Amino acid sequence: MGGRVWTLTQTEDSLWYHVYNNQEWQGEGSDRKRRAGVSLQMENKSGKKFKGALKKEEEEEPLAVTSVQDTEEEEMLRDYFQLNVKLGDLYKEWGAADPHFKRIADIFSGVRMLRQDPTECLFSFICTSNNHISRIHGMVERLCKALGAPLCQLDQTSYSNFPSLSALADDSVEECLRDLGFGYRARFLQQSAKQILDTHGLQWLEGLRSVPYLQARDALRTLPGVGTKVADCVCLMSLDKTEAVPIDTHVWQIAKRDYNYASGKGQKTITDKLNRDIGDFFRKLWGPYAGWAQSVLFCADLKKFQKLKEMPQLKQAKKEETDEEEMRVSCKKTKIKTEENATAKNTKTKSACHKKAKMSV
């Protein structure tokens, strides 16, 4: 992020970070020894304000932040994680409007949209066409290593910056990326970068943050390899268009399965109209941050997270078993107590009869 490598550690109330200098070489385990961090403590739950304190491991007490660089780094983190957005309040709003979301939100709390660099976001998403997550990850790594500036090496892993528009627009890029297994996407990457530089200029992508959502999306769709879904992803994840709801077959299935969405029932592909209709359906349901809400459901539907959804069910089943066992034990105790009372009463009656008989004699 920002042309530097970061390590982050999250605790209950703090986000610790360390920023490595470019070309900084670290040996095995040295990161832990050198780590320093800024604790972003919440002053109060309602205000959602954060204060910073630089804290090194060898220091017993936190030291006040005085460095301008430290302040800039904190601001970069706040911007990247969009900490100004009160996610807890949004979850409550979405849950109140949508019972299905409320059930999912109890399991998948804290799913926050990143504010990514527009160039990195756009060209990473061009790689996603007819692809899956692990392969996309590998392609982006190879793209950075081949065309990006080297940053540093940590624990024998080399890190490189994301390539600049100029690097991506070079005439040699298509052949280079085809050799790296990008296939037809290689041409889209090179041509899109070249079109942006030749037609719009370096600042064009970032400038789309200040135009309305539909205008930004239509502008992105003029680029080679950028369809409606990719344009919506870039709008949502890097251009501040919180109402953008990226629609693919996965999200369409969620709409049909969990919301009984019937429009386009006989269709096999997502047309522009169906894309707009599904997006409008979710925007009406969730409001101006519909894209953020959709990311929670998308995350919850991924195969890798299905065990998280099973955990509450297992807990509920275990609780029911425990309740049933406790009821059986309670009934057993009641039965034993009743039998004991009956025995005691019987013994007492016999004793009383014996005393009466003795007195009569």
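At 64% relative accessibility, Gln156 counts as exposed, where exposed means over 50% relative accessible area, buried under 20% and partly exposed in between (1.4 Å probe, protein chains only). Gln156 lies in the loop between S9 and S10, and its phi is positive, about 65°, although the residue is not a glycine. Asp155 belongs to the loop between strand S9 (150-154) and S10 as well. Phi of Asp155 is near 45°, again a positive value in a residue other than glycine. Most residues other than glycine have a negative phi. With 34% relative accessibility, Asp155 counts as partly exposed.

The structure is a predicted model, in which local features need pLDDT of at least 70 and side-chain atom pairs count only at pLDDT 80 or more, while totals for chains, interfaces and linings use all residues. Residues are numbered from 1 along each chain as its sequence is written, and side-chain values use heavy atoms, with hydrogens and water left out.

**Overall organisation**

The chain has 16 helices and 10 strands; these are DSSP runs numbered from the N terminus, helices being H or I with at least four residues and strands E with at least two. Of its 361 residues, 38% count as buried. Contact means heavy atoms within 4.5 Å. Among the contacts in the chain with a separation of 6 or more, 59% are accounted for by residues 24 or more positions apart.

Helix H6 (residues 133-147) has 15 residues, which at 1.5 Å a residue should span 21 Å; its end C-alpha atoms are 21 Å apart, in agreement. The expected span is 1.5 Å times one less than the number of residues. Within H6, Ile136, Gly138, Met139, Val140, Leu143 and Cys144 are buried. The elements that cover these buried residues include helix H5 (118-126), strand S10 (157-160), helix H7 (165-169), helix H8 (173-179) and helix H9 (185-200).

Ser124 lies in helix H5 and counts as buried at 16% relative accessibility. Leaving aside its neighbours within four places in sequence, Ser124 is in contact with Ile136, Val140 and Phe162.

**Helix packing**

Axes are lines fitted to C-alpha atoms, for helices over the stretch in contact, and angles run from 0 to 180 degrees between N-to-C directions.

| Helix pair | Axis distance | Angle |
|---|---|---|
| H5 and H12 (residues 228-238) | within 9 Å | roughly 155° |
| H13 (residues 249-259) and H14 (residues 272-286) | within 11 Å | roughly 55° |
| H14 and H15 | 9 Å | about 100° |

Angles under 35 degrees count as roughly parallel, over 145 as roughly antiparallel, 65 to 115 as roughly perpendicular and the rest as oblique. H5 is therefore roughly antiparallel to H12, H13 is oblique to H14, and H14 is roughly perpendicular to H15.

H5 passes H12 in a right-handed crossing. A crossing is right-handed if the near helix is turned clockwise from the far one by less than a right angle, and left-handed if anticlockwise. On the H5 side, Pro118, Cys121, Leu122 and Phe125 meet Val230, Cys233, Val234, Met237 and Ser238 of H12. This contact of H5 with H12 comprises eight nonpolar, one polar and no charged residues. In this classification, Ala, Val, Leu, Ile, Met, Phe, Trp, Tyr, Cys and Pro count as nonpolar, Asp, Glu, Lys and Arg as charged, and the others, Gly among them, as polar.

The crossing of H13 with H14 is left-handed. H13 contributes Val251, Trp252, Ala255 and Tyr259 to the contact, and H14 contributes Leu274, Ile278, Phe281, Phe282, Leu285 and Trp286. The residues of this contact of H13 with H14 divide into 10 nonpolar, no polar and no charged.

Between H14 and H15, Phe282, Arg283 and Trp286 of H14 meet Ala290, Ala293, Gln294 and Leu297 of H15. The contact of H14 with H15 has five nonpolar, one polar and one charged residues.

**Ala300 in helix H15**

Ala300 lies in helix H15 (residues 290-300) and is buried, with a relative accessible area of 1%. Ala300 and Ile107 are 193 residues apart in sequence, and their C-alpha atoms are 8.5 Å apart in space. Apart from its neighbours within four places in sequence, Ala300 is in contact with Ile104, Phe108, Gln306 and Lys309.
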